[in-house]
Amino acid sequence: MNPFRLLPPALAGLLLLLGCGFAGGEGGAIRPSARKRVDRVEFLDASGATRRLAEFNGRVVVIDVWATWCPPCRASLPEVAALQKRAGETFAVLAVSVDRGGWGDVKPFLEAHPELGLEAFLPASPGALEPFGEIRGIPTTLVVDRHGRLRERWSGYFPGRAEKALEEALRES
């Protein structure tokens, strides 16, 4: 399904370039000396269980913060899902929805898009994502190193950037 099919082409293109709510590209690599631990962040899985980022220590983690209503987020989800399917011993991929309706928004969206095969998460509490810093727009991608420290972040969808950042983090760690 084309996530932009309901939008005028010019608006769809603009949203794709800008990201939802932010003129994309914010952030980037974080100097090793400035990387802060974020492994106390908690998420809820689809069963309602609380998961802590610390469970993934020893692996690089790519976190995609998204929402069902955001066209650039929806455009990025096939790439996120593909990375998530490849995840294993060396890395993990968490797709964290910030939809206000929580699972009431996310579950119907995922059911309508089974081709993604995406496993989604929600923040465990309203302030759960604060350790990552202010998230001014979505999608926002965060890369956490094997030691639970924030390594890189950016807002907006840039095809291939998440995979490239993941490869760099895996080489570094």
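**Before you start**

This is a predicted model, in which local features need pLDDT of at least 70, side-chain atom pairs count only at pLDDT 80 or more, and totals for chains, interfaces and linings use all residues. Residues are numbered from 1 along each chain as its sequence is written, and side-chain values use heavy atoms, with hydrogens and water left out.

**Exercise 1: the layout**

Work out how many helices and strands the protein has, and which pattern they follow along the sequence.

*Solution.* 
- Start with the rule: helices (H or I, at least four residues) and strands (E, at least two) are DSSP runs, numbered from the N terminus.
- Now count them up: the protein has four helices and eight strands.
- Then read along the sequence, and you get α-β-β-β-β-α-β-α-β-β-β-α.

**Exercise 2: inside and outside**

*Solution.* 
- First sort out the words: buried is under 20% relative accessible area, exposed is over 50%, and partly exposed is in between (1.4 Å probe, protein chains only).
- Take the contacts with a separation of 6 or more: 71% of them are between residues 24 or more positions apart.

**Exercise 3: salt bridges**

Say how many salt bridges a search of the whole structure finds, then look at Arg52 and its partner.

*Solution.* 
- The test is a side-chain nitrogen of Lys or Arg within 4 Å of a carboxyl oxygen of Asp or Glu.
- The search finds 10 salt bridges.
- In one of them, Arg52 pairs with Glu42, and their closest N and O atoms are 3.4 Å apart.
- Arg52 sits in strand β3 (residues 50-52) and Glu42 in strand β2 (residues 42-44), so this pair ties together parts that are 10 residues apart in sequence.
- Check the accessibility too: Arg52 is partly exposed at 37%, and Glu42 is partly exposed at 29%.

**Exercise 4: the cavity**

How much space lies in the largest cavity, and which residues lie nearest its centre?

*Solution.* 
- On a 1 Å grid over the protein atoms alone, a cavity is a set of points where a 1.4 Å probe fits but cannot get out, and lining residues have an atom within 4 Å of a point.
- Grid points are joined across faces, edges and corners, and the volume is the space filled by probe spheres set on the points.
- The structure holds one cavity of 30 Å³ or more, and about 110 Å³ of space lies in the largest cavity.
- Its lining has 14 residues, with Asp64, Glu79, Val80, Thr141 and Ala162 nearest the centre.
- The largest share, four residues, comes from α2.

**Exercise 5: residues by the cavity**

Find which elements hold Glu79 and Thr141, and what each one touches.

*Solution.* 
- Glu79 is in helix α2 (residues 71-86).
- Leaving out residues up to four places away in sequence, Glu79 touches Tyr157, Pro159, Gly160, Arg161, Ala162 and Glu163.
- Glu79 and Ala162 are 83 residues apart in sequence, but 8.4 Å apart in space, C-alpha to C-alpha.
- Thr141 is in strand β7 (residues 140-144) and is buried at 6%.

Notes
Contact means heavy atoms within 4.5 Å. On a 1 Å grid over the protein atoms alone, a cavity is a set of points where a 1.4 Å probe fits but cannot get out, and a pocket is an open set with protein on both sides within 12 Å along at least five of seven lines; lining residues have an atom within 4 Å of a point.
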